[in-house]
Structure formats: structure tokens, C-alpha cells
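Please read them alongside the sequence and the coordinates.

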Amino acid sequence: MTGASPFTTGGLLTQDYLIDAIKASKQYQAVNVGQMRDEITAVLAGFPHHTKPNEATTEKDVIWPIMALLGWDSYLTQQNLSDKGRDDVPDGLLFIDAAAKSRANAIPQEWKRYDCGVTIIEAKRWGRALDRAEGRKGDDKDTPSTQILRYLRRIDDLTSAKLRWGILTNGAKWRLYFSGARSTIDDYLEIDLERVLNLKPDLLDVGITQEDRDHWLAVFLAMFSRGAFERQGAQAQSFHDVARENSAYYEERIAKGLATLVFNDLYPALGKAVAAEAQAGTPLDEIRETTLILLYRLL
């Protein structure tokens with residue numbers, strides 16, 4: 001696989017990491033793709049995704065069953081982020097294990113329980129647009145991506161940056177947000193699970209092999225599973241921490257490689273070509289300026 005994938009968007013992790021480097025991780029290698037493909041397909045088999053199911057049906061019949069397959073069995077639903085009102089209430093607060101959930105349940109105030117969690121989940125109806133509002137009332141009046149970012153800002157303050165991850169999904173598309181990203185609006189990881197599983201054939205997917213689909217399913221399972229959020233100690237890194245570091249390394253390496261290519265190879269070659277076509281006596285500064293203009297237009 002080369003180039004950008006039709007199954008993923010967002011800038012949280014680079015395509016180079018997601019396409020190649022992630023394969024070297026234990027988290028990715030531990031995935032049983034065949035088994036998980038069958039189990040997720042079974043969850044979706046009886047789901048009427050062509051009839052625009054509502055949010056409650058999507059959450060009950062698709063999202064929570066898939067979360068269970070991802071290892072999430074300790075969670076609390078509808079935990080209020082404020083001591084008054086019901087404006088900020090994520091659909092789920094997820095815990096790394098039952099002990100963390102027990103600690104949370106021992107705290108009377110719901111908003112203080114977020115200190116014990118590792119991520120939140122916000123669930124929308126099947127196929128719901130994630131980057132725009134679709135109505136004037138109820139759930140549709142909010143833009144889902146803006147909504148989860150608002151939750152994460154609030155949680156960042158409440159937990160002193162202990163909980164910084166959020167999952168946003170409409171059952172078909174799954175997004176992972178990190179509140180410490182450079183640009184939280186664009187720096188998310190989205191996997192289009194509906195297309196990965198070929199539930200919605202797309203003309204753009206012509207030539208996509210089963211191996212490609214299995215790879216992106218493995219990426220989804222590796223990045224959204226409970227194990228990706230787990231730490232072996234208070235100061236230890238999670239898989240997400242390591243993935244972000246490795247992704248940044250590959251981004252830096254590519255940037256350096258591109259700079260070397262542009263300034264060591266492309267710029268001199270363009271300069272020679274411009275000089276060869278220039279009229280006799282053309283000042284050197286004019287040749288340089290023309291070369292730079294051409295270079296920037298090409299880039």
C-alpha cells in the first residue's frame with residue numbers, strides 16, 4: 001500500500017505510520033483479524049443500517065457490542081460533567097479495569113468520577129454527519145465533533161490532564177481525539193469501518209484488496225481497543241503515546257528527506273534549466289528569482 005488510504009482521515013497520526021510503521025508494534029501484531037472481522041460483521045449483519053436507525057438503536061445494537069469486542073467491559077453511562085444542569089453529559093466514561101470503575105462508583109459526584117477513567121465515548125446515530133449540525137432541536141442541533149471537543153476541554157480541567165482521549169462514532173465511522181494535539185479540530189484519527197468491511201461499496205475502492213481491508217481493520221482494532229489505553233505503571237507510556245512519538249519521528253524524517261530532495265536536487269536542476277532557456281546576459285539574480293517562483297509553484 002502506498003499513498004493516502006480511502007479508509008482513514010485526520011491528522012493525529014501520519015499516513016506513513018499508519019500504513020507501514022504500525023505493523024512493527026506488538027499491539028498491531030496481536031490482533032486476530034480474521035476472528036474479529038467475523039465477529040464485527042456478525043454484529044452488523046442484522047442491523048438495518050440502510051433504514052437510518054436512530055441513536056438509541058445504533059448505540060445499543062452496534063456501538064456497545066463493538067466496544068465489548070474491543071475489550072471495554074468497565075464503563076459508566078451518562079456521567080454529568082457539571083454539578084448543575086445536563087448540558088455536558090458524554091454517553092460513556094470508560095475505565096481500564098473493574099477496579100478503576102469501583103473507585104469511580106465510590107465517588108458521589110459524577111463529574112469527579114472522570115478522574116478514574118481513561119477515555120470517553122460519544123455515540124451518534126448510524127451515518128450521522130460528524131462535522132456539521134443537522135437540525136435545530138435535540139441532538140441534531142450540535143455538531144458532534146465540536147461537542148466532544150467541548151467535553152474534552154472540560155475533562156482536561158477536571159482531571160488536571162489525566163484523561164485526554166475521546167472516541168466519537170456514528171457506528172460507521174470511528175474517531176479518536178486527543179485533547180493535547182496541536183490542532184484538536186483536525187488532529188483526530190478516523191477509521192471508516194463501514195468501508196473497511198465493504199458494507200458500502202464505493203467506486204473509489206476499485207483495486208482495494210482484502211489484504212488492504214484487513215490491514216485497516218487491524219489498525220482500527222489496535223488503536224481503539226482497551227489495551228491501547230493501558231499503562232503498565234503511572235509513568236509508563238500507553239500504546240497511543242508510543243504511536244504518537246513514532247508518527248512524529250516519521251513525519252520529521254519525511255520532512256528532512258523532502259528538504260534534501262528539494263534543495264540539493266530539484267532546485268539546482270531547475271536553476272540550470274532556467275539558465276539554459278534565458279536570454280544571453282540575463283542577470284543571475286533574475287534567474288534565481290525565476291527558479292524560486294517555478295519551484296514554489298511546483299511544490
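1. Helix H4 is built from 15 residues, and its first and last C-alpha atoms are 20 Å apart, close to the 21 Å expected at 1.5 Å a residue. The model is a predicted one, and the points that follow should be read with that in mind.

2. At its start, a side-chain oxygen of Asn54 comes to within 3.3 Å of the backbone nitrogen of Ala56. After the helix comes Gly71, with a positive phi near 100 degrees.

3. What does H4 lie across? Residues 55–69 form this helix, and it lies across S2, S3 (92–94), S4 (119–123), S5 (165–169) and S6, with an angle of about 145 degrees to S4. Helix H8 (residues 210–224) lies across S1, S5, S6 and S7, and runs at about 135 degrees to S7.

4. The sheet itself is open and has 7 strands with mixed pairing, in the order S1-S7-S6-S5-S4-S3-S2. Strands S1 (8–9) and S2 (75–77) are at the edges; each has a single partner strand, so one side of each has no neighbour in the sheet.

5. Strand S5 has 5 of its 5 residues buried, so the rest of the structure largely encloses it. Trp165, Ile167 and Thr169 point one way from the strand, Gly166 and Leu168 point the other way, and all are buried.

6. S5 pairs with S4 in the parallel sense over 4 bridges, and Ile121 has Ile167 of S5 as its bridge partner. With S6, S5 pairs in the antiparallel sense over 5 bridges; here Thr169 is bridged to Trp174 in S6. The hairpin of S5 and S6 has 3 residues between the strands, and Gly171 in this hairpin takes a positive phi near 85 degrees.

7. S6 (residues 173–178) also pairs with S7 (residues 188–192), in the antiparallel sense and over 5 bridges. Arg175 has Glu190 of S7 as its bridge partner.

8. Is Thr119 buried or exposed? This residue of strand S4 has a relative accessibility of 0%, and the cut-off for buried is under 20%, so Thr119 counts as buried. Its side chain reaches the backbone oxygen of Trp165 at 3.0 Å. Beyond four places in sequence, Thr119 touches Trp72, Gly92, Leu93, Leu94, Leu163, Trp165, Gly166, Ile167 and Phe229.

9. Thr8 sits in strand S1 and is buried, with a relative accessible area of 7%. The side chain of Thr8 reaches the backbone oxygen of Glu190 at 2.9 Å. Residues in contact with Thr8, apart from its neighbours within four places in sequence, are Gln15, Leu18, Leu189, Glu190, Ile191 and Trp216.

Conventions
Residues numbered from 1 in each chain as written. Predicted model: local features only at pLDDT ≥ 70, side-chain atom pairs only at ≥ 80, totals over all residues. Heavy atoms only, no water. Pairing = 2+ DSSP bridges. Helix = DSSP H or I, 4+ residues; strand = E, 2+ residues; numbered from the N terminus. Contact = heavy atoms within 4.5 Å. Axes fitted to C-alpha atoms, helices over the stretch in contact; angles between N-to-C directions. Buried < 20%, exposed > 50% of the residue type's maximum accessible area, 1.4 Å probe, protein only. Polar contact = N/O pair within 3.5 Å; in protein donor to acceptor, adjacent residues only side chain to side chain. Expected span 1.5 Å × (residues − 1).
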